[in-house]
Amino acid sequence: MKRIVFLLITLGGILQSHAQMYRYNLDFDLSARHFVDTIPIEFEDDQVYITAMVNGERYRFNLDTGSSQGIAYSNGRMPYGPTLGKVQSRDANGHIDTIHAVAFPTFTIGHLTIRGYSGSLLRHHSTQPKYDAIIGFDLFNKGLNAKIDVRRGHLILTDQRDYFDDEPGYRIKYRLLRFVPNVRLTPYPGCSDEALFDTGSRRLYVMGNRSLSLFEEKVPGISSQVEGRSHGHRAIGSFGTERADLVTFLWLDGFQLGDFLFNDYHTMTTQGYSRIGAEILRYGALVVNPKRKRFTFQPYDGGQAVMVSNQQMNIAFVPKNGMPSVGLVWEGSPHYRNGFRQGDVILQIDGRPIRSFHDFQRYPFIEGRAHTFLVRDSQGQLHEIVSER
């Protein structure tokens with residue numbers, strides 16, 4: 001969806017008189033000093049949302065650690081200020097584009113007012129998005145420590161550098177790459193994968209195709225943890241859907257993040273970077289310490305491991321020319337047996353016309369119930385498919 005990473009631009013030889021380039025900066029101002037603030041948050045569909053006030057109006061910000069700075073939307077509700085220049089940006093799928101950077105309006109989260117904040121300007125993929133703007137990892141690169149606890153529904157934010165030093169938990173070092181945090185994890189014995197720590201991504205862990213290729217050369221018997229392979233795409237970044245390519249469905253015995261284990265985990269590969277997503281917050285609170293460049297994971301239920309035992313994702317829908325299309329379907333899934341194929345475009349559900357990807361997102365699917373889909377396949381033929389969503 002909206003994950004974006006800013007590239008540092010070397011000004012020498014690049015600037016032109018008519019197109020000033022914008023550089024990453026942390027020059028925004030905070031209204032308080034020596035503060036500790038507890039800010040309410042919402043955790044919905046594995047995403048973290050913060051209420052922000054702008055000129056007395058309430059807006060919803062997505063907290064996205066995979067974004068180096070904020071994002072405003074040209075077709076959104078929230079107003080934004082003047083253009084600050086252009087920036088070359090890269091989304092989590094590795095796509096690069098040049099876009100405008102803009103000034104954010106002064107906004108308040110909790111008791112903290114932030115002035116001079118800036119970010120990129122994009123268009124929302126959805127006509128009725130769940131959030132109005134993104135606040136990125138620059139909030140922490142500014143030097144603010146934080147504790148994200150979705151079970152208690154709050155974000156504790158402070159400029160006191162040692163505030164969380166005595167908190168228990170599992171330490172996870174990160175390094176900044178293009179100003180966003182990357183962590184090391186162990187999906188197989190003796191194998192290390194570097195993953196973008198990206199709360200703008202939902203799934204607990206997805207593995208980059210390039211990482212899997214390296215592991216397959218190194219780990220004997222890795223095929224026993226491959227559930228299947230297909231060709232398609234599922235991840236939607238700031239600049240569109242990832243390219244179609246081979247997708248591998250994996251069933252990991254477990255993976256280790258720091259000294260904590262996530263056991264019995266179904267996942268898949270992606271064409272972009274490996275990622276740790278906001279689903280991790282289902283299992284524990286997270287302390288962010290930018291001074292020491294580390295996270296501290298605090299499992300809600302204690303212990304050194306958690307049994308995830310999730311279901312494999314075996315079908316994905318992506319926008320194609322504004323319509324919902326099957327971007328990926330696993331051949332071993334019930335959806336494939338029922339007739340779905342990659343490239344199918346959804347035209348109707350239960351006799352109701354579907355005129356856009358947004359219509360599809362809003363459709364009131366009922367868990368466990370079979371729905372009737374009218375689809376147009378890649379050859380232009382119409383088919384009815386009866387299947388659960």
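**Stop 1: the cavity**

Select F164, D165, V287, N289, R294 and T296, which line the largest cavity. Strand 25 (284-289) and strand 26 (294-299) are the elements that give two or more residues to this lining. The volume of the largest cavity is about 30 Å³. How many cavities of 30 Å³ or more does the count come to? It comes to one. Keep in mind that this is a predicted model.

**Stop 2: the loop between strand 25 and strand 26**

Now select K291 and D162. The two form a salt bridge, with the closest N and O atoms 3.6 Å apart. K291 sits in the loop between strand 25 and strand 26, and D162 in the loop between strand 14 and strand 15, so the partners are 129 residues apart and the pair links distant parts of the chain. Is K291 buried or partly exposed? K291 counts as partly exposed, at 46% relative accessibility. D162 also has 46% relative accessibility and counts as partly exposed.

R292 is partly exposed, with a relative accessible area of 29%.

**Stop 3: E167 and K147**

Stay with the loop between strand 14 and strand 15. Select E167 there, then K147 in strand 13 (residues 145-149). Their side chains meet in a salt bridge, 3.1 Å from N to O. What does the pair tie together? Because E167 lies in the loop between strand 14 (154-158) and strand 15 (170-177) and K147 in strand 13, the pair ties together parts that are 20 residues apart in sequence.

Colour by accessibility here. K147 counts as buried, at 13% relative accessibility. E167 is partly exposed, with a relative accessible area of 22%.

**Stop 4: a salt-bridge network**

Zoom out, then select E42, E44, D45, R60, K130 and R202. These residues are linked in a network of salt bridges. Over the whole model, the count of salt bridges comes to 18.

**Stop 5: R275, charged and without a partner**

Select R275, in strand 24 (residues 275-276). R275 is buried yet has no salt bridge. Which side chain of opposite charge is nearest, and how far away is it? It is D198, 4.1 Å away. A salt bridge needs the nitrogen within 4 Å of a carboxyl oxygen, so D198 does not qualify as a partner. What the R275 side chain does reach is the backbone oxygen of Y273, at 3.3 Å.

**Stop 6: R203 and A278**

Next, select R203. R203 lies in the loop between strand 17 (191-197) and strand 18 (205-208). R203 is buried, with a relative accessible area of 12%. R203 and A278 are 75 residues apart in sequence but 6.7 Å apart in space.

**Stop 7: N141**

Select N141 in helix 1 (residues 138-141). N141 is buried, with a relative accessible area of 18%. Where does the N141 side chain reach? It reaches the backbone oxygen of F179, at 3.0 Å.

**Stop 8: two positive phi angles**

Most residues other than glycine have a negative phi. Find H34, where phi is near 55°, a positive value in a residue other than glycine. H34 lies in the loop between strand 2 (29-30) and strand 3 (36-43). At 70% relative accessibility, H34 counts as exposed.

Then find N55. It has a positive phi of about 50° although it is not a glycine. N55 is in the loop between strand 4 (48-54) and strand 5 (57-63). Is N55 buried or exposed? N55 is exposed, with a relative accessible area of 73%.

Methods: Residues numbered from 1 in each chain as written. Predicted model: local features only at pLDDT ≥ 70, side-chain atom pairs only at ≥ 80, totals over all residues. Heavy atoms only, no water. Helix = DSSP H or I, 4+ residues; strand = E, 2+ residues; numbered from the N terminus. Buried < 20%, exposed > 50% of the residue type's maximum accessible area, 1.4 Å probe, protein only. Lys, Arg positive; Asp, Glu negative; His and termini not counted. Polar contact = N/O pair within 3.5 Å; in protein donor to acceptor, adjacent residues only side chain to side chain. 1 Å grid on protein atoms, 1.4 Å probe; cavity = no way out; pocket = protein on both sides within 12 Å on 5 of 7 lines; lining within 4 Å. Points joined across faces, edges and corners; volume = space filled by probe spheres on them.
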